[in-house]
Amino acid sequence: MQPRVEPHDIDAEQAVLGAMLISKDKRSEAVTELTTSDFYDSRHQLIYQAIEVMEAKKEATDTTNVASYLNTSGHLEAVGGVAYLLELANSLPVLGHTSYYIRTLQNKAMLRNIITESSIITAQAYEDGIDVADFLAQSEKRIMAATKNRTSGEFKEIGEVLGEIKQELIILSKSDNTTSGVPSGFVALDAITHGFHPGALIIVAARPAMGKTAFALNLVQAAAHESRDPVVLFSLEMDAASLLKRIICSTGSITGEDIKTGNILKSGPGEAKYQATVEKVSKCNLYIDDSGGITINDIAAKCRQLKSQKGGIRMIVVDYLQLINGSGNKPGDNRQQEVSEISRQLKSLARELEVPVIALSQLSRGVESRTDKRPMLSDLRESGAIEQDADMVSFIYREGYYKKTEDQKDDNGLTEIIIAKHRNGPTGTIHLMFENSYSRFIGVTKQQIDGTKDVR
């Protein structure tokens, strides 16, 4: 049996090179879209490299000049001489079809990359003692990299980036909405953050009982309602049904007690209120994964798959960071190093999928030993790398919670959302009101803040 030949299209390669030799516009298009490895024939690789270098130097790249360059570099004979260059320039079927031929080369090169990576994956699968979870994650990344646009991850010329910025500003200038990222649902918070932006890792940290999960669900609900792209929630502590019950309570101003006991359905008005709330909640484009013991590789793999299926993801929320298992998950591993690796991979995932990732985090017990129990960046539990990797770190703090335990006063629900780190904007503190009965946070006026200073 003869060895199988890798995918390629010699006619398309000749057509592209012919277009580059006779058309400045097509030459510019090809140099922008293609790399040397997109050509299968070694002769064509040498000719493309020559044209690419000459184009960068603003030199004329007609047949004569390219032949002279190849002769100087010692490659003219290897590509077939001047006769072959003339053949390329005269063999182009239709100049207007060059874009089609470029796409053909890209697709063939992609298939060759997949074959190469698949061979590596197959060889690794035969090895003894491999960590299967890590192997699957790395294999998926290899295939994703092989099929990714070959121009991604390369240098960006400043003019290109300035153009992207201008387009973004034009879109924003035509909109009445000042929030450029995914809105939080809280006007005061969006005034500082301008929403949660693609590629950003946002940490929301607090001590237990401050309302981390309720706050996260409020963010999820605001982002997912009638959203084109899905919002993904990984819950490592609560099951999906419990989370949806909380969302129903928050959305419909229904108490948790009425849901828990079924009282909401014991009267006509109550049932109508419940049904109207469920109809509204059903319009949330939300995907929940409540798998226990999930690893960071699992999270990445599931998100990649969902984005591939749905065409995009609007936001990813993880509740909470310290419950994620590392990729190795080996006994005796240093947990601080493991959490550091998890935070780095969450940031990497945010950039790879171009989506904001919000991760809830626990704070160390050191907060409780201070007179002023407002959290600080040094209170982030188990890893300073969390602060380093995060684009934004925010804390949830309710002084009334501590007043209640110390002086037996009621917790009035006044909450500080402290933005302690903001890589792309200002820091600061906003106030919300926590309504425990409905498991939600709501906006608060200055008058309401002033009226609760007895517990602040």
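A: **A close look at the salt bridges**

Let's start with Glu 352 and Arg 304, whose side chains meet in a salt bridge at 2.7 Å, N to O. Glu 352 belongs to helix H15 (residues 335-353) and Arg 304 to helix H14 (residues 296-310), so this pair ties together parts that are 48 residues apart in sequence. Keep in mind that what you're looking at is a predicted model.

Why do pairs like this turn up at all? Side chains of opposite charge can pair when their charged atoms come close.

Arg 304 has 6% relative accessibility, so it counts as buried. Glu 352 comes out at 24%, so that residue counts as partly exposed. The cut-off that matters here is 20%: buried means under that value.

Next, stay in helix H15 and find Glu 341 and Arg 344. Their side chains also form a salt bridge, this time at 3.3 Å, N to O. These two are 3 residues apart in the helix, which means about one helical turn separates them. How covered are they? Glu 341 is partly exposed, with a relative accessible area of 32%, and Arg 344 is partly exposed too, at 40%.

A further pair to look up is Glu 435 with Arg 440. Here the side chains meet at 2.6 Å, N to O, in a salt bridge. Glu 435 counts as partly exposed, at 23% relative accessibility, while Arg 440, at 14%, counts as buried.

Salt bridges can also be joined up here: Asp 372, Arg 374, Glu 399 and Glu 416 are linked in a network of them. Across the whole structure, there are 16 salt bridges.

The side chain of Ser 361 makes one with the side chain of Gln 322, at 3.0 Å. Ser 361 lies in strand E5 (residues 357-362), and its relative accessibility is 0%, so it counts as buried. Leaving aside neighbours within four places in sequence, the residues in contact with Ser 361 include Ile 203, Lys 212, Tyr 320 and Leu 380.

Finally, here's something on the surface. Ile 158, Leu 162, Ile 165 and Leu 169 make a nonpolar surface patch of about 400 Å². Ile 158 sits in helix H8 (residues 158-173) and is exposed, with a relative accessible area of 59%.

Methods:
Residues are numbered from 1 along each chain as its sequence is written. This is a predicted model: local features need pLDDT of at least 70, side-chain atom pairs count only at pLDDT 80 or more; totals for chains, interfaces and linings use all residues. Side-chain values use heavy atoms; hydrogens and water are left out. Helices (H or I, at least four residues) and strands (E, at least two) are DSSP runs, numbered from the N terminus. Buried means under 20% relative accessible area, exposed over 50%, partly exposed in between (1.4 Å probe, protein chains only). A polar contact is a pair of N or O atoms within 3.5 Å; within protein, one must be able to donate a hydrogen and the other to accept it, and residues adjacent in sequence count only if both atoms are side-chain atoms. Contact means heavy atoms within 4.5 Å. Patches are made of residues with over 30% relative accessible area and no salt bridge: like charges are joined within 9 Å, nonpolar side chains (Val, Leu, Ile, Met, Phe, Trp, Tyr) within 5 Å. Accessible areas come from the Shrake-Rupley method with a 1.4 Å probe; for residues, only the protein chains shown count as cover. A salt bridge is a side-chain nitrogen of Lys or Arg within 4 Å of a carboxyl oxygen of Asp or Glu.
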